[in-house]
Amino acid sequence: MLTCKEFDDFMLDYLEGGLPVWQKFMCWMHVKMCRECAYFVQKYRRVITLGKDAFQSPDGMLPDYVPEELVKAALAHRRSK
Amino acid sequence: MAFAPIAVDDVKATDFIGISEPQDIDFGDGELLECLRAGEEKCFETLVRNVGPQVLATAKRYLRSDAEAADCFQDTFLAVFQGIDRFEQRSSLRTWVRRITINQCLMRIRKQVRRKEESIEHLLPAFDEKGHRIENGGISQPSTISESLDSERLRSIVREKIGELPDDYRLVLLLRDIDGYTTSETAAILRIKSNAVKTRLHRARTALKSLLTPVLEQRECHANV
C-alpha cells in the first residue's frame, strides 16, 4: 500500500484523472484505508470549490459597470497613441 | 521558485492567442469587429463598455492594488486596439481580450521588484519518518473571525487568503482553478514547465486549505450549534 507521502505525490493527478489504472487503484485503496488522507482529500476538494465560488458571486469583484472616468481614460489613452 | 527570466519587451500583449480555449460569450457577430478594424471611436467605446467589467475584474484579481488594476485596464484596451487587426477569430473576442488582460497583468507583475515572499512550507502537510500523514500538520493559526460566516463573507475571506499566497503559487492557482486554463496552457502563459505548474498548483491548494481550515472549522461549528 502507498504511504501517505506517496499518495500526496500522486494526489493532483489522481483527482484530475491523470493516472494510469494501476496507480489510480493504489490511490483509491489508500484513500479507502487511510482516514487522515480521506479527510484531507475531502477538505482539498472543498477548497477548490471555494476558490472557484470566491470569484463568481455578484460581489466577487465583477463590477456591473466600469467607472465612467476609467472608460474615458481608456478611450483617451488610445487617442493619445 | 521564480519566473523564468524574460525581457518584458519580448512579451507581446497578443501572445497566446493560438492556444485552444473554451467557447465563450461573444457579443459581436462580425459587425463590431469590422467596425473596430475601421477604427471607429464609437465601436471602441462599445467594446470598452461591454468587456470592461470583465477586464477590470480580471486585473483586480491578478494585481494587488486597484490603482494598478486601473492602469492595466487602460493598457489592455490599448493593446486590444493596436492588435485588433491580428485577431484571427480562433476564439471569441471576449476570450481574446481576457487573454490580453492576463498577459498585461503578468507583464506588470514581472516588472515589479519581487517582494520578499514568505515560505509556505509551514502550510504544507507533514509526514513522519515512515511517510504517514501527521494529523493536522501545517495547521496552527487560530481564526480571528468570531462571527458566524455568511456566504459572501466566506467568499471574501477566500479571496483574501488566495491573495496571501506568494505570486508563484497564486498565479498558478488563479490561472488553473479560477480562469480554467489547462496545465499546458498555464505553463505556456507563465513560461514554465507543465510539471512545475502541477507542483505549484498542488502546493497552492494545500496551502490555501491550511489557511482556510480554521475558518471552515469554525463555520461548521456554528452550523452544528
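**Core and pocket**

Guide: Of the 225 residues of chain B, 52% count as buried, where buried means under 20% relative accessible area, exposed means over 50%, and partly exposed lies in between (1.4 Å probe, protein chains only). This is a predicted model, in which local features need pLDDT of at least 70 and side-chain atom pairs count only at pLDDT 80 or more, while totals for chains, interfaces and linings use all residues. Residues are numbered from 1 along each chain as its sequence is written, chains are lettered from A and ligands numbered from 1 in the order in which they are written, and side-chain values use heavy atoms, with hydrogens and water left out.

Chain B has 8 helices and 0 strands; helices (H or I, at least four residues) and strands (E, at least two) are DSSP runs, numbered from the N terminus. Among the contacts in chain B with a separation of 6 or more, 74% join residues 24 or more positions apart, a contact being heavy atoms within 4.5 Å.

The largest nonpolar core has 58 residues, and A:Phe7 and B:Leu212 touch the most other members. A nonpolar core is a set of buried Ala, Val, Leu, Ile, Met, Phe, Trp, Tyr and Cys residues joined through side-chain atoms within 4.5 Å. Helix α8 (residues 194-224) of chain B supplies the largest share of this core, 9 residues. Domain 1 (8-111) and domain 2 (121-224) of chain B both contribute residues, so the core lies between them; the domain bounds come from an automatic or database domain assignment. Leaving out residues up to four places away in sequence, B:Leu212 touches A:Val47, A:Leu50, B:Ile157, B:Val158 and B:Lys161. Another core, of 28 residues, lies apart from the largest one and includes B:Leu33, B:Phe44, B:Phe87 and B:Ile100.

B:Ile100 is also one of the contacts of B:Thr76, which touches B:Val55, B:Val97, B:Thr101 and B:Gln104 as well, with residues up to four places away in sequence not counted. B:Thr76 lies in helix α3 (residues 66-83) of chain B and, because its relative accessibility is 0%, counts as buried.

B:Asp177, in helix α6 (residues 167-178) of chain B, counts as buried because its relative accessibility is 5%.

On a 1 Å grid over the protein atoms alone, a cavity is a set of points where a 1.4 Å probe fits but cannot get out, and a pocket is an open set with protein on both sides within 12 Å along at least five of seven lines; lining residues have an atom within 4 Å of a point. Of its 16 lining residues, A:Asp8, A:Asp9, B:Thr199, B:His202 and B:Arg203 are the closest to the centre. The lining divides into 5 nonpolar, 4 polar and 7 charged residues; Ala, Val, Leu, Ile, Met, Phe, Trp, Tyr, Cys and Pro count as nonpolar, Asp, Glu, Lys and Arg as charged, and the others, Gly among them, as polar.
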